Amino acid sequence: MKRILSSAFLAMLFVSTFAQTKADTLVVTPTPMMHCEGCENKIKSNIRFVKGTKKIETSVPKQTVTIIYDGRKTTFNDFVAAFKKIGYSIQKVK
């Protein structure tokens, strides 16, 4: 019984350790400005392929792109390069 409980405890500890991933947030403003849903879709459909990207939110009224990503897998410069490939430059807001 002790062996089963200790094995279960170790399994839970192992899973919880690896389940916690570091999530960073990057808020940028793209140039040229986003004007429509097509601009938002272009950004979302291309930037999602940057390694470590977890979530992308765009706001045309605020002219911001919020990216949730794993900072261990990617950097700001990776996002700069990805935006450049689709014709945008970016500047950090936060």
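1. In this predicted model, the number of disulfides is zero. Cys36 takes part in no disulfide, and the nearest cysteine sulfur to its own, that of Cys39, lies 3.7 Å away.

2. Cys36 is partly exposed, at a relative accessible area of 38%, whereas Cys39 is buried, at 14%.

3. Four strands form an open sheet in the order β2-β3-β1-β4, paired antiparallel. The edge positions belong to β2 (53–59) and β4 (89–92); each has a single partner strand, so one side of each lacks a neighbour in the sheet. From one strand to the next, the twist averages 30°.

4. Within the sheet, β1 (residues 24–31) pairs with β3 through five bridges in the antiparallel sense. Asp24 has Tyr69 of β3 as its bridge partner.

5. Helix α2 (residues 37–47) lies across β1, β2 and β3, and runs at about 170° to β2. Helix α3 packs on the sheet and touches β1, β2, β3 and β4, with its direction at about 150° to that of β4.

6. Thr75 is located in the loop between β3 (64–69) and α3 (76–85). This residue, Thr75, is partly exposed, with a relative accessible area of 41%. Its C-alpha atom is separated by 9.3 Å from that of Gly52, which is 23 residues apart from Thr75 along the chain.

Methods: Residues are numbered from 1 along each chain as its sequence is written. This is a predicted model: local features need pLDDT of at least 70, side-chain atom pairs count only at pLDDT 80 or more; totals for chains, interfaces and linings use all residues. Side-chain values use heavy atoms; hydrogens and water are left out. A disulfide is a pair of cysteine sulfur atoms within 2.5 Å. Buried means under 20% relative accessible area, exposed over 50%, partly exposed in between (1.4 Å probe, protein chains only). Helices (H or I, at least four residues) and strands (E, at least two) are DSSP runs, numbered from the N terminus. Two strands pair if DSSP finds at least two bridges between them. Axes are lines fitted to C-alpha atoms, for helices over the stretch in contact, and angles run from 0 to 180 degrees between N-to-C directions. Contact means heavy atoms within 4.5 Å.
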